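Let's take a walk through this one together, going from single side chains to the place where the chains meet. Have the viewer open and follow along.

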Amino acid sequence: MAGKVVDMDVKTRVTQIIAEQAVLEPSDVTLDSTLEDLGIDSLGLVESIFAIEEAFDISIPFNANEPEASEFDITNVSTIIAGSEKLIAEQS
Amino acid sequence: MKRVVITGAGTINALGVNVEETLEAMREGRCGIGELEFRDVERLAIRIGGQVKGYEPDEHFNRQQLSLYDRFTQFTLLAAREAIGQAGLEFSGELAARAGVVLGNSGGGMTTLDDNYRTVYEAGKNRVHPFVVPKLMNNAAASHVSMEFNLKGPSFTVSTACASSNHAMAQAYQIVHCGASPVMVTGGSESMLCFGGVKAWEGLRVMSKDACRPFSANRNGMVQGEGAGVFVFEELEHAKKRGAIILAEVAGFAMSSDAQDIVMPSKQGAARAIQGVLADAKINAEEVGYINAHGTGTAANDKTESAAVADVFGAHADRLLMSSTKSMHGHLIGATGAVELLACIMAVRDGVVAPTIGYEEPDPECALDVVPNVAREADVDVALSNAFAFGGLNAVLALRRFA
C-alpha cells in the first residue's frame, strides 16, 4: 500500500479514489457528485472508505448500518473531502 | 424418477485450463505436479504441488470482480463458463427460477485468509480490506456462479473435506433425479496452495516431498493440487428436447460415514459406499469397467481402498481397472471428485482409461490393475468415482455410457 501520503493534496487523492471506484476519470468526478450519481453502491462505498483510510493512515468512523449516524458525511464528494481533511488534521 | 445426464463440463487444474487440455494430459499420462511458487515457500518442507501455473487473473476478470473473487472463486467461474457454454444453456424465466448450483470446497478462500492474517499478524496492521468476509466464505463461489448465470433455484455449498465435490454432485443429481429442477450446475473447487494452507497439511506428516505414487509399494504420501471442475447435470428429456450433446449419464450415488476415526480410513465404510452405489444405480458389479480411485498415495488410503474394492467386487475386482489421476493433478481436496469425474467421462465416452502415473513397484496390498503409467483403451459401460474424506465421510458416484 502507498502508506502515508502527506504531500498529495487531499482533494486530488480522494477524488482519485472515488473515480477509481466509479471506473471514471478523476476529471469526471465533480465536487457536488453524489456516490449514487457516480454509480458507487454500498460495497463501493466501504471500499472507498478503506482506500481513504489507507491513503492517509486515518481511521474513519463509519457504520454501514447507520451511515446517517456517522460524523463522516458522505452526502457528496466535497463532504467526503472535508471529512477526510478534518480527520487528517485531528489524527496526525 | 428422472434420468440425469451431463451436458457440459469445465475445468482448470494443473493439467490444463479446460477439459480438452486436461483429458489430453490424462491420456498422455502427463504430470502436472511441480515446484510450488508462492511467497515464503522456502519456509516449507513440502515444496511440490499441482499448481495452476501461468494463470493471469486479470485476463479473465476486471478489477472490481477481483476485489471480491478469491482464487477458488475465480477457478470456479472459469470452469462454470466452460461447462455452461458447452451445454449451450441460457437461464431465464422458469428455467432460471428452478435451476441452481451446488458446489463443494473444503478451505474456502484460503489465500484470502492467508493474505489477511499476514496483514494483521505479521505486518501488524489494524485494518483489512472490507471484502475479506465475502471473499473467503465457502459459499462465495456458488453465489458468484448463481449471479453470473442467473441461477435462482436451490443453491448451496457442501464441505466434506476430500469428498466435498462428490457430495455436492450427489445433491445436484438428487435434485434433478427427483424432478425438483431440470438443470443443476455442480462440481467443486479448491485453492489452498499458499503458505498457511500447505504448512497446515505439512503438520499431519502425510505429504510426499517428491511425487504422488498411488498404489506403488514405494509411495510416500499425498501431493496437493488446486483448481475446479464444474458440470451441467440435466434431466434427460430436457436435454433431448433441445438437442444437447450428452457426455454421460449419472447413474446414481451413495454415501456413508465410517463413524470411526477422524483421519484413518475404514475398509467397511468405503465398501458400504461402493456397495451402495451399485444398489442405487441398479448396476451389476460385472458392469463396472473402471473406478477412479480416491488413491491419495498415502500408505493407509491405498491399501484400505484396494481391500474395499476387492471385498465388494470379488473375482471381478481382478478384471476391472482402477486408477488414481491424483498422480497427475494432485489431490484437489474439495475439488478432487469434480476433476476426477472427467476421467470417468473419458472412460465411458471415449473408451480411454487414464493411468496411475509414478507407479514403480507393485504392492501386494494393492494388487488390482491400477493402469500403471500408461493410459489404456477399454470398453467401459460403467465408471465409479470414489471419494473418502478425512472424518470418514464417503461419497461414490456412478457414470454410465450414454448410447
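Before anything else, a cut-off: a residue is called buried under 20% relative accessible area and exposed over 50%, with partly exposed in between. Keep in mind too that this is a predicted model.

With that in hand, look at B:K53: its relative accessible area is 41%, so it counts as partly exposed. Its side chain meets that of B:E37 in a salt bridge, 3.6 Å from N to O. B:E37 sits in the loop between β2 (34–35) and β3 (48–49) of chain B, and B:K53 in the loop between β3 and α2 (63–66), so the pair ties together parts 16 residues apart in sequence. B:E37 itself is exposed, because its relative accessible area is 53%.

Now for a salt bridge inside a helix. B:R118 and B:D114 both belong to helix α5 (residues 110–122) of chain B, four residues apart, or about one turn, and their side chains pair up at 3.5 Å, N to O. Both ends are covered: B:R118 is buried at 12% relative accessible area, and B:D114 is buried at 13%.

B:D350 and B:R349 form another salt bridge, at 2.8 Å. Here B:D350 is partly exposed at 35%, and B:R349 is partly exposed at 38%. Elsewhere, salt bridges with shared partners link B:R39, B:D40, B:D114, B:R118 and B:E122 into one network. Over all chains, the whole structure has 29 salt bridges.

Next, go to strand β13 (residues 382–388) of chain B, where you'll find B:N386. Is B:N386 buried or exposed? With 1% relative accessibility, it counts as buried. Its side chain makes a polar contact of 3.0 Å with that of B:E305. Beyond its neighbours within four places in sequence, B:N386 touches several residues, including B:N166, B:H294 and B:E340.

For a nonpolar piece of surface, pick out B:L204, B:I262, B:V263 and B:M264, which make a patch of about 360 Å². B:V263 is in the loop between β8 (248–257) and α11 (267–280) of chain B, and at 35% relative accessibility it is partly exposed.

Finally, the interface. Chain B and chain A bury about 960 Å² between them, 50% of it on carbon and sulfur atoms. Of the area chain B buries there, B:R63, B:R127 and B:F131 supply 53%, more than any other three residues. Ten residues from chain B and twelve from chain A take part in the contact. Four salt bridges run between the two chains; one of them joins B:R127 to A:E53, with the closest N and O atoms 3.0 Å apart.

Methods: Residues are numbered from 1 along each chain as its sequence is written. Chains are lettered from A and ligands numbered from 1 in the order in which they are written. This is a predicted model: local features need pLDDT of at least 70, side-chain atom pairs count only at pLDDT 80 or more; totals for chains, interfaces and linings use all residues. Side-chain values use heavy atoms; hydrogens and water are left out. Patches are made of residues with over 30% relative accessible area and no salt bridge: like charges are joined within 9 Å, nonpolar side chains (Val, Leu, Ile, Met, Phe, Trp, Tyr) within 5 Å. Accessible areas come from the Shrake-Rupley method with a 1.4 Å probe; for residues, only the protein chains shown count as cover. Helices (H or I, at least four residues) and strands (E, at least two) are DSSP runs, numbered from the N terminus. Buried means under 20% relative accessible area, exposed over 50%, partly exposed in between (1.4 Å probe, protein chains only). Contact means heavy atoms within 4.5 Å. Buried area is the accessible area (1.4 Å probe) that two parts lose on being put together, summed over both. A polar contact is a pair of N or O atoms within 3.5 Å; within protein, one must be able to donate a hydrogen and the other to accept it, and residues adjacent in sequence count only if both atoms are side-chain atoms.
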